[in-house]
Amino acid sequence: MSPDHPPGLDLDRLRGLLDREHPGLVHGTLTGRLIEGGRSNLTYAVSDGTSKWVVRRPPLGHVLATAHDMRREHRVISALHPTDVPVPRPVLLCEDEEVLGAPFYVMEFVDGTPYRTADQLAPLGPERTRGAVLSLVDTLVELHAVDPAEVGLAGFGRPEGFLDRQLRRWGKQLDASRNRDLAGIDELHAELGRRLPASPAPTVVHGDYRLDNVLIGTASGPNGEVDEIRAILDWEMSTLGDPLTDLGLLVMYSLPLGTPDSPVSTTAEAPGHPAPAELIERYAARSGRDVSAVSWYTAFAWFKLAVILEGIHYRYTLGQTVGRGFDRIGDLVPVFIDHGLTTLQEG
């Protein structure tokens with residue numbers, strides 16, 4: 001298929017659906033392109049030459065629909081859009097697989113940049129980088145301040161026993177990918193279970209909250225241009241649960257890996273990037289939550305990413321994953337395990 005007609009996106013059928021559901025929305029011939037960078041669901045930018053939208057659908061040929069739940073993503077952004085939490089405006093949800101071959105949803109296109117690496121942040125300079133990362137914390141506080149019941153998300157998840165279920169779930173994921181010895185991984189899993197903290201009141205949890213899952217744009221402020229978060233993206237792991245799991249993951253991604261040229265990177269080494277302690281203090285001050293157990297949540301984030309990376313490595317060894325960098329993923333897993341153990345030991 002041509003670049004304007006990428007696989008998984010039938011623009012004629014999409015146009016027909018949009019014309020039926022939102023007459024007058026589309027004014028010209030639709031073109032589309034796949035947006036690179038997503039790890040799971042496919043994301044396309046679609047335009048009629050004047051306006052732009054985004055289409056989200058599961059991967060081609062996927063089997064487990066529960067792992068790529070379009071209804072869930074659409075529901076949470078629809079609920080959050082009227083709040084102060086920045087999310088794209090939802091346009092429609094389509095569960096008829098005859099249109100694109102899988103359920104999908106359409107939302108507005110938000111102009112902004114997802115910063116994935118320290119090198120990408122560097123041109124902003126230390127002051128703007130610091131402001132962008134601190135705004136990431138402030139936006140997380142806004143998300144966790146939303147009352148799920150007030151926005152129609154009271155039944156969005158099962159917060160009771162959330163941490164225990166998460167730990168068991170990722171332990172099962174690890175077992176499903178075992179094909180080599182990983183020193184320390186079982187110790188880390190067991191120690192996390194022994195030190196399981198008591199969760200605060202449940203909130204909407206993003207589940208993968210980090211800098212490259214938000215779009216940052218420039219706006220005019222009283223003292224000149226400022227960087228602002230225009231939209232939080234990739235809600236496929238969202239649920240109701242322990243808000244500190246989001247904070248722990250954000251802290252983890254704010255720590256240097258110490259592995260040059262890694263296929264997995266953090267933004268921690270960008271000049272001006274705030275230290276994890278400052279992010280934690282800012283979240284605590286603005287949310288009012290007790291963050292004394294944040295080391296557990298950060299260690300859990302290291303464990304969770306170790307399991308995810310081991311799964312990628314396992315599929316690579318079976319010849320099921322191809323592409324640049326996958327051959328080095330396996331070497332990273334012990335690094336994440338060591339970070340997790342050290343975080344727990346140091347508290």
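Q: At what angle do helix 10 and helix 11 pack, and what makes them roughly antiparallel to each other?
A: Helix 10 (residues 294–317) and helix 11 (residues 329–346) pack at about 165 degrees, with their axes 8 Å apart. Axes are lines fitted to C-alpha atoms, for helices over the stretch in contact, and angles run from 0 to 180 degrees between N-to-C directions. Angles under 35 degrees count as roughly parallel, over 145 as roughly antiparallel, 65 to 115 as roughly perpendicular and the rest as oblique. Helix 10 and helix 11 are therefore roughly antiparallel. The model is predicted: local features need pLDDT of at least 70 and side-chain atom pairs count only at pLDDT 80 or more, while totals for chains, interfaces and linings use all residues. Residues are numbered from 1 along each chain as its sequence is written, and side-chain values use heavy atoms, with hydrogens and water left out.

Q: What kind of crossing does helix 10 make with helix 11?
A: Helix 10 passes helix 11 in a left-handed crossing. The term applies if the near helix is turned anticlockwise from the far one by less than a right angle; clockwise gives right-handed. On the helix 10 side the contact (heavy atoms within 4.5 Å) includes Trp296, Ala299, Trp302, Leu305 and Leu309. On the helix 11 side, Val333, Phe336, Ile337, Gly340 and Leu344 are among the residues involved.

Q: How do the residues of the contact of helix 10 with helix 11 divide?
A: There are 13 nonpolar, seven polar and one charged. Ala, Val, Leu, Ile, Met, Phe, Trp, Tyr, Cys and Pro count as nonpolar, Asp, Glu, Lys and Arg as charged, and the others, Gly among them, as polar.

Q: What is the angle between helix 7 and helix 11?
A: The axes of helix 7 (residues 185–194) and helix 11 cross at roughly 35 degrees and come within 9 Å. This crossing, too, is left-handed. Ile185, Glu187, Leu188, Glu191 and Leu192 of helix 7 meet Ile337, Gly340, Leu341, Leu344 and Gln345 of helix 11. Those residues divide into six nonpolar, two polar and two charged.

Q: What makes strand 1 and strand 4 edge strands?
A: Five strands form an open antiparallel sheet in the order 1-2-3-5-4. Strand 1 (31–34) and strand 4 each pair on one side only. The twist averages 20 degrees from one strand to the next. Strands (E, at least two residues) and helices (H or I, at least four) are DSSP runs, numbered from the N terminus.

Q: How many bridges join strand 4 to strand 5?
A: Four bridges join strand 4 to strand 5 (residues 104–108), and the two run antiparallel. DSSP must find at least two bridges for strands to pair. Pro90 stands opposite Met107 of strand 5, and the partner of Leu93 is Tyr105. Four bridges also join strand 3 to strand 5, where Val55 stands opposite Val106. Strand 1 and strand 2 (residues 42–47) are joined by four bridges as well, with Leu34 partnered by Tyr44.

Q: Is Ser220 buried or exposed, and what makes it so?
A: Ser220, in strand 7 (residues 214–221), has a relative accessible area of 72% and is therefore exposed.

How values were computed: Buried means under 20% relative accessible area, exposed over 50%, partly exposed in between (1.4 Å probe, protein chains only).
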